[in-house]
Amino acid sequence: MSSEDDLAWDEDVRLAVYQAFATRGAPPTAAELADAAHGSLAVAKQALHRMADPHWLWLDEREHVALAAPFAAVPLGFAVMGEHTLWWGGCAWDSFAIPHVVPEEPEVLVATRCPGCGEPSALVVRRDRPPPDGPRVACFPASPARLAGQRANQRLYCDESCVDSSGELLGLPALWHLAKDWYTGCLAPGYRPRGPEAAAGYFASAGLTGAFWSA
């Protein structure tokens, strides 16, 4: 088995990870990972380590997939319920992205708690239109380029008076537009996360400009 063969199987392993999360809300089993790497779990784990990135693919201390954005294997503050599947959302942004990513789930219920006052909240997020504007806001404690290590701190608040940290605030319609196409193609072969230049262009197309979104 050559190193070229191993690298060629990275995409098969990535697809196995994303398909498992999309269809049942959980990471792939060891057997599924091994199947994706032509029978070798060791090769699959090597592929995961090559692809691991703080922005979109996390491994835990046992080499299990903890996050393949927008899906999480552990609770990070958001439960996202579709008609057929229940997911953990990686953050506010990721939770709003799930109905845009999973073809069979055009509408989800996003449940969370306000970090400021502890009030529980649930809202319907649809693929076909943004939620109505209102008092709820999402707080981004750091620019997207620097958000990787603070994903669990990107939360939804009842309103601005509940926000207990510094950062950029977005209303729900703006958050929906941000999430809408960010992960487009992640369930298909050949997907690659956007680099800084492409990300800045995407943010601008979603109406998000200024130093925060280009830092």
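Here is a friendly set of questions and answers about the predicted model shown above.

Me: Before we start, how are residues numbered, and which pLDDT values apply to local features and side-chain atom pairs?
Reply: Residues are numbered from 1 along each chain as its sequence is written, and side-chain values use heavy atoms, with hydrogens and water left out. Because this is a predicted model, totals for chains, interfaces and linings use all residues, whereas side-chain atom pairs count only at pLDDT 80 or more and local features need pLDDT of at least 70.

Me: Where is the cis peptide bond at P70, and what is its omega?
Reply: P70 sits in the loop between strand 2 (65-68) and strand 3 (71-72). Strands here are DSSP E runs of at least two residues, and helices are H or I runs of at least four, numbered from the N terminus. The cis bond joins A69 and P70, with omega of about 15°.

Me: Is H38 buried or exposed?
Reply: H38 lies in the loop between helix 3 (30-36) and helix 4 (41-51), and its phi is near 60°, a positive value in a residue other than glycine. On the accessibility scale, buried means under 20% relative accessible area, exposed over 50%, and partly exposed in between, using a 1.4 Å probe and protein chains only. H38 has 53% relative accessibility, so it counts as exposed.

Me: What is the relative accessible area of E63?
Reply: E63 is in the loop between strand 1 (57-59) and strand 2. Its phi is near 70°, a positive value in a residue other than glycine. E63 counts as partly exposed because its relative accessible area is 30%.

Me: Which side chain of opposite charge is nearest to R155, and how far away is it?
Reply: R155 lies in strand 9 (residues 155-157). For charge, Lys and Arg count as positive and Asp and Glu as negative, while His and the chain ends are not counted. A salt bridge needs a side-chain nitrogen of Lys or Arg within 4 Å of a carboxyl oxygen of Asp or Glu. R155 is buried and has no salt bridge; its nearest side chain of opposite charge is D164, at 8.8 Å.

Me: Which backbone oxygen does the side chain of R155 reach?
Reply: A polar contact is a pair of N or O atoms within 3.5 Å; within protein, one must be able to donate a hydrogen and the other to accept it, and residues adjacent in sequence count only if both atoms are side-chain atoms. The side chains of R155 and T112 share such a contact at 3.5 Å. At 3.0 Å, the side chain of R155 also reaches the backbone oxygen of R113.

Me: At what angle do helix 2 and helix 4 cross?
Reply: Contact means heavy atoms within 4.5 Å, and D10, V13, R14 and V17 in helix 2 meet A44, A47, L48, R50 and M51 in helix 4. Axes are lines fitted to C-alpha atoms, for helices over the stretch in contact, with angles from 0 to 180 degrees between N-to-C directions. The axes of helix 2 (residues 10-24) and helix 4 come within 9 Å and cross at roughly 85°.

Me: How many salt bridges are there?
Reply: Side chains of opposite charge can pair when their charged atoms come close. One of the pairs is R24 and E32, at 2.5 Å from N to O, and another is R129 and D128, with the closest N and O atoms 3.1 Å apart. D128 is exposed, with a relative accessible area of 58%. By the 4 Å rule, the count comes to eight.

Me: Is V125 buried or exposed?
Reply: V125 belongs to strand 7 (residues 120-126). Leaving aside neighbours within four places in sequence, its contacts include F96, P99 and W176. V125 and P99 are 26 residues apart in sequence and 7.4 Å apart in space, C-alpha to C-alpha. With 0% relative accessibility, V125 counts as buried.

Me: Which side chain makes a polar contact of 3.2 Å with that of E107?
Reply: E107 lies in strand 6 (residues 107-113) and is partly exposed, with a relative accessible area of 41%. Not counting residues up to four places away in sequence, E107 touches residues including M81, V125 and R126. The side chain joined to E107 by the 3.2 Å polar contact is that of R126.
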